[in-house]
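Dear colleague,

I am handing over the structure below, and after it I set out what was found. Please read the notes with the coordinates open beside them.

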Amino acid sequence: MSHPLDGLIRDAYRADDVRAITRHLTERGTFEFPTLSSGLFSAALADNQDLAYTGYQNVWVRDNIHIAHQFYVLGEHERAVRAVAAITQFQHTQRGKLRDIIVGKANPQSVMLRPHIRFDGDKLTEVPEQWAHAQNDAIGYWLWLASKLAHEGHWQPTGDDIKLLSNFVQYLEAVRFWKDEDSGHWEEARKIEASSIGAATAGLNALREYFLTMASAQMPSGATKSFIDQTCRRAEGLIEHGRAALKAILPSECVQNDSGQRRRYDSALLFLIYPLQIVDGEMAQTIVTDVVTQLLGPFGVRRYLGDSYWCADYKKLLDPANRTVDVSEDMSARDRLLQPGGEAQWCIFDPILSIIHGQRFQQTGDSGQLEMQRQHLNRSLRQLTGDGGPFPPLRCPESYYRENGCWGPNDITPLLWTQANLRLALHFMEQSLLLGSGKVAVV
């Protein structure tokens with residue numbers, strides 16, 4: 001079957017070829033990121049009325065950090081800062097929840113009493129419906145990028161912002177994130193999962209680095225040296241807990257004995273390699289090999305084996321009101337819908353795999369890594385919607401799923417997280433090709 005990019009996708013690229021693809025996709029609207037009044041981004045394009053039933057018009061902390069990080073990498077720092085500042089503004093509204101959990105007044109097992117990770121991005125207010133807000137990864141992502149932007153001088157947090165960051169360190173300590181059962185990246189059944197522990201550890205590590213720098217420079221009003229030192233010491237202890245937990249769990253996602261929790265393979269672990277860079281070396285290679293050998297499919301990458309979200313015939317089996325509801329307390333009904341091999345294949349992972357191989361090529365000069373970078377980039381490009389379907393061409397789906405025996409994009413198309421990852425994959429491909437020609441230095 002032909003694809004709108006057939007004339008541009010190649011078996012070998014020059015930097016100019018990649019620039020041509022980027023330019024073409026930009027002109028066709030593939031990389032549009034409509035911005036809410038706050039500076040945040042809905043999970044999927046807000047003007048797609050067919051998505052109303054999904055709730056994807058709301059904002060997720062995790063998605064927004066991935067999108068903002070894309071802008072940061074591309075040098076569009078103002079857009080990244082605006083998003084991080086808006087999330088921070090919302091996080092200030094969650095201070096009561098933080099305080100109650102830190103002092104033991106509220107039970108973190110009641111997830112609605114935890115800081116909310118999905119909210120109204122225009123009003124910066126909570127969404128009242130029940131949701132799986134036990135997501136330590138989302139908190140870790142925000143701490144990570146906020147601290148990174150502040151450390152590099154792109155964002156100037158206030159004294160109150162600094163105290164808020166410190167409060168979240170106390171919160172992660174209070175919930176004992178390194179052994180806390182949370183719902184993680186996929187907002188599902190709670191378990192002790194490496195992808196959440198890794199994201200929280202990366203956030204704490206970035207915060208500690210920023211606070212250490214702040215201790216030797218001029219501190220924001222209201223932040224004292226003793227306060228900064230105390231936060232650094234607390235963060236350092238928590239980082240040790242996080243790294244010890246990762247050592248015990250990886251390369252698995254979860255090693256708990258309960259069969260409903262234990263999970264050997266999960267594509268969310270890729271994010272610990274990039275963008276979080278909390279895992280490297282042999283362990284990173286093992287995770288990549290696991291994903292490619294166990295979860296890679298012809299249309300995308302499975303989140304994990306046995307994933308029932310957007311499984312085969314999903315829209316026939318579930319009415320719109322039940323397709324995207326919170327199932328974190330009981331997934332049994334949805335899991336019963338899954339047919340063998342019927343897991344959805346997601347589009348957010350091939351770009352990340354391409355970037356990981358690209359970084360290895362840039363570090364080693366290994367042409368085999370450049371070839372793997374190209375292969376996963378080409379897979380990413382072929383995942384864009386084609387002509388004649390229910391969506392405009394060259395849009396980034398959340399995933400492909402099987403309906404009546406045929407594979408096609410699910411209703412969450414376009415997903416802005418996918419767009420961000422693809423745009424970065426093209427950026428890193430161009431970097432690698434320039435490096436190969438001697439026109440760019442390794443960064």
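**Backbone and packing notes**

At 15% relative accessibility, D313 counts as buried, since the cut-off for that class is under 20%. Please keep in mind throughout that this is a predicted model. D313 sits in the loop between helix 10 and helix 11 (314–317), and its phi is positive, at about 60°, although the residue is not a glycine. Q277 likewise has a positive phi without being a glycine, in this case of about 55°, but Q277 counts as exposed because its relative accessibility is 52%. The loop that holds Q277 runs between helix 9 and helix 10. These backbone values deserve a look, because most residues other than glycine have a negative phi, and most peptide bonds are trans.

Another cis peptide bond leads from L250 to P251, with omega near 10°, and P251 is placed in the loop between helix 8 (225–249) and helix 9 (270–273).

Turning to the helices, helix 1 (residues 15–27) packs with helix 15 (residues 416–436) at an angle of about 160°, their axes being 8 Å apart, and the two are therefore roughly antiparallel to each other. Their crossing is left-handed. To this contact helix 1 brings A15, V18, R19, I21, T22 and L25, while helix 15 brings L422, R423, L426, M429, E430, L433 and L434; by class, these are nine nonpolar, one polar and three charged residues.

Helix 4 (residues 95–102) and helix 6 (residues 159–174) pack at an angle of about 40°, with 9 Å between their axes, which makes helix 4 oblique to helix 6. This crossing, too, is left-handed. R95, L98, I101 and I102 make the contact from helix 4, and the residues from helix 6 include K163, L164, F168 and Y171. By class, the contact of helix 4 with helix 6 has seven nonpolar, two polar and three charged residues.

Finally, the largest nonpolar core has 135 residues, of which L25, W142, F211, L270 and L381 touch the most other members. Leaving aside neighbours within four places in sequence, L381 is in contact with H3, L5, I9, Y13, I21, L25, L422 and L426. Among these partners, I21 and L25 of helix 1 and L422 and L426 of helix 15 also take part in the contact between those two helices.

With best regards

Technical notes. Residues numbered from 1 in each chain as written. Predicted model: local features only at pLDDT ≥ 70, side-chain atom pairs only at ≥ 80, totals over all residues. Heavy atoms only, no water. Core = buried A, V, L, I, M, F, W, Y, C linked by side-chain atoms within 4.5 Å. Buried < 20%, exposed > 50% of the residue type's maximum accessible area, 1.4 Å probe, protein only. Contact = heavy atoms within 4.5 Å. Axes fitted to C-alpha atoms, helices over the stretch in contact; angles between N-to-C directions. Helix = DSSP H or I, 4+ residues; strand = E, 2+ residues; numbered from the N terminus. Parallel < 35°, antiparallel > 145°, perpendicular 65-115°, else oblique. Left-handed = near helix turned anticlockwise from the far one by under 90°. Nonpolar A, V, L, I, M, F, W, Y, C, P; charged D, E, K, R; others polar.
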